Structure formats: structure tokens, C-alpha cells
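Colleague: Before I use this structure, I want the terms set against their cut-offs. Please show it, and then I will ask.

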Amino acid sequence: MDTKEINLEEFKNTLFDIQKLSYMIQDNKLPFTYNKECYRVRMPSQGEKAEAEDYRSEKQIEFIQRPNCKTKNELRKILKENNVVDIDKLEAQANQIKKQFKNVYLKLAPKFDEDKEGISTEIEKINELQNQLQDVTQEINKHLAPSLEDRLEGVYLEYLVYSCTEKLVEKEWIKVWNTFEEYKKDNSPLATRAVVCMTHLLFNVRQF
Amino acid sequence: MIEDKLRQLARSSYYQSLYKASKENGIKLFENDTNLSGLQVVFLYWLSLYDFLYDTLARKEYDFLTEKYIDSNVRVDAFLYYRKRQNELELAKSKEEQLRQRTKFKGKKGKQTYFDVEFA
């Protein structure tokens, strides 16, 4: 792990601090500091969302013309045919784990506080199942990451980061990158931090 | 995990009181009224869920449900599934009961006719 990664991990951990989180949910903007300067990412306006959608559509047309562009379904097929991995089997495994979860939940739920041993036994089982599920899900995601759908999600997120990251300059919030090209050329940790913040702000909730 | 912390905040007495006040008196929960962030949407979900759980606790609907219970995320997850399953079973049972109680009418030539009657 290099220094940049360690810093990013530390940065992610600071976002999980309960007091910061309490502050973060007050508004639809997420402030952060970088090189002792104040930045923020904010929720995109309708117009910015529409722009990001347009950019995604543009990229979709571009990607599908490339010979190696594969959709999730195509990628699944290729992975299976070449004996790399069977995603269907992994998904069946994930569903099986989810079923086991439900059985443990039914045992755990009616337990009284006094039954400490019983509660901790069931919670241990749940933790174990959670780890198993996480491993399977990560495996699926890792193999499907090059798919058209996942790449387009990434493109969309990047466009929002470019549109909605601002810096505090003399009491005014101004855009960090003037053009999307400028953003794409920026390899500094600032761009990565802004992506992390935007991911947390959106929190996988698609309202658009 | 960030969601665990969100849940911790949502069940705190401060946010629960604020949530009640926002429902009853329209007190603002957030700085922004529109364009909620994903984080805010998820937080609202947990606020309403814990509000429901504390109400359930006050009504003493389940004898095993305590404040300590509500403080445990895993136990709350288990409870939500348990409750959902219970509701599904009750619904299935009542549908079965409805079928059993289908009104019987004797028609011509002593033939029995069944009518499905939906009980609200």
C-alpha cells in the first residue's frame, strides 16, 4: 500500500466519525479539507444531472463501437465459456447465504436480553455469513467491473464530481475544475477525495 | 461502516425528538428542503424506522423488545425480518381461513355452490 492509499484510507475513516456524520447530514453538501484549504462536493442540480446523463449517453455510444466493449450479460458468458468464473453459480451461492441469514434471524429475533450466550452465538453466525456474502459479492463485482454498465456508472459519477466540487475562495464557493478535460487530467489526491465524498453523498441512492 | 453510524445517530434521543417535532410541528430536519442527498434519504429511512421501533416498544407489543435490543443493529435487522415473516404467515393464515369460510349455497337439485367472499 503506498502513501497515497494510506492517506485515502485515513480520509475515508474520518468521514465515518459520528460527529462529522452528524454535521454531514445537516445539508446536501459535504465539506472536506485538502492541503489546508476548504472544499466541498454538493448534490447536483437537475440541470447538472441532465448534463451528466447526456455525457453518459455520449460515452455509451462511444464504448459500444469498441470491439472489446461487453455488457454484463456478454461478460458473464465469456467468463463462463473460458472457465474463468461462473457468475450464475456465485449468485446462487450469494442467494444461499441470504437464505441462511434469514434462518439465523428467525432464531435471534425472539431472544431475550438475558440469553446473552444464545444472542452472541447467533450474532457470530451472522458475522460469519456476512463475511462470506461480502467475499462472494466482491468476487462478482470484480469480474463484472469491466462491463459497459459499470464503466458508464463510473463515467456518470466522474462527471458529477467535476460539476459539483467547489473550493472556498474569499468566502465564495467556486468550481475547482473549469472543464471536464481539466478534471480528467488532475491526478492529485484531491480528485480522488472528491470522488470518495461524492460516493458518500449519493450513498448509492439513485433519485435520478 | 457508515450505515452503522447513521443508525446510531438516527436512534439517538436528540434525533428522535427532532424527528417527532418535525412530524408534529414541521420543524426542519435539514438545512435543505429539497434535493436530498442519498445520505439524507437513508438517514430519514432509519429515523422513521427507529421511531416505529420505539413506538412498538412503548406499546409493549413484543415482550422481548427492549431499549438494549433496539441498540443492537443485528438484533434490529433480525427483528424486522421476524416481523415481516410473522405478517406474511398471518396473512396466509387469514386467507386460508377466508377460503374455509366460503359461503355455501344450495342450488337446484341439491348441488352446492361456493362463493368467494372477501372479508376486509
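This is a predicted model: local features need pLDDT of at least 70, side-chain atom pairs count only at pLDDT 80 or more; totals for chains, interfaces and linings use all residues.

Colleague: What pattern does chain A follow, read along the sequence?

Modeller: Chain A reads α-α-β-β-α-α-α-α-α-β-β-α-α. That is nine helices and four strands. Residues are numbered from 1 along each chain as its sequence is written, chains are lettered from A and ligands numbered from 1 in the order in which they are written, and side-chain values use heavy atoms, with hydrogens and water left out.

Colleague: How many residues does each chain bring to the contact?

Modeller: Chain A gives 33 residues and chain B gives 34. Contact here means heavy atoms within 4.5 Å. The two chains bury about 3,100 Å² between them, 68% of it on carbon and sulfur atoms. Buried area is the accessible area (1.4 Å probe) lost when two parts are put together, summed over both. A:I25, A:D113 and A:F203 supply 21% of what chain A buries against chain B, more than any other three residues.

Colleague: What makes A:D113 and B:R75 a salt bridge?

Modeller: The rule asks for a side-chain nitrogen of Lys or Arg within 4 Å of a carboxyl oxygen of Asp or Glu. The closest N and O atoms of A:D113 and B:R75 are 2.9 Å apart, so the pair qualifies. On the side of chain A that touches chain B, α2 (18–24), α5 (87–108), α6 (116–144) and α9 (189–202) each supply at least two residues. That side divides into 21 nonpolar, six polar and six charged residues. Here Ala, Val, Leu, Ile, Met, Phe, Trp, Tyr, Cys and Pro count as nonpolar, Asp, Glu, Lys and Arg as charged, and the others, Gly among them, as polar.

Colleague: Why is B:Q40 called buried?

Modeller: Buried means under 20% relative accessible area, exposed over 50%, and partly exposed in between (1.4 Å probe, protein chains only). B:Q40 has 0%, so B:Q40 is buried. B:Q40 sits in helix α3 (residues 38–58) of chain B. Leaving aside neighbours within four places in sequence, its contacts are A:I25, A:Q26, A:D27, A:N28, B:F30 and B:N32.

Colleague: How far is the backbone oxygen of A:I25 from a polar side-chain atom of B:Q40?

Modeller: The distance is 3.0 Å.

Colleague: What ties A:E91 to A:R76?

Modeller: A salt bridge between their side chains, 2.6 Å from N to O. A:E91 lies in helix α5 and A:R76 in helix α4 (residues 72–81) of chain A, so the pair ties together parts that are 15 residues apart in sequence. A:E91 has 28% relative accessibility, so A:E91 counts as partly exposed.

Colleague: Why does the pair A:K80 and A:D86 still count as a salt bridge?

Modeller: The closest N and O atoms are 3.9 Å apart, so the pair falls within the limit. A:K80 is partly exposed at 44%.

Colleague: Which residues of chain A are linked in a network of salt bridges?

Modeller: A:R40, A:R42, A:E48 and A:E166. Over all chains the structure holds 28 salt bridges.

Note on methods: A polar contact is a pair of N or O atoms within 3.5 Å; within protein, one must be able to donate a hydrogen and the other to accept it, and residues adjacent in sequence count only if both atoms are side-chain atoms.
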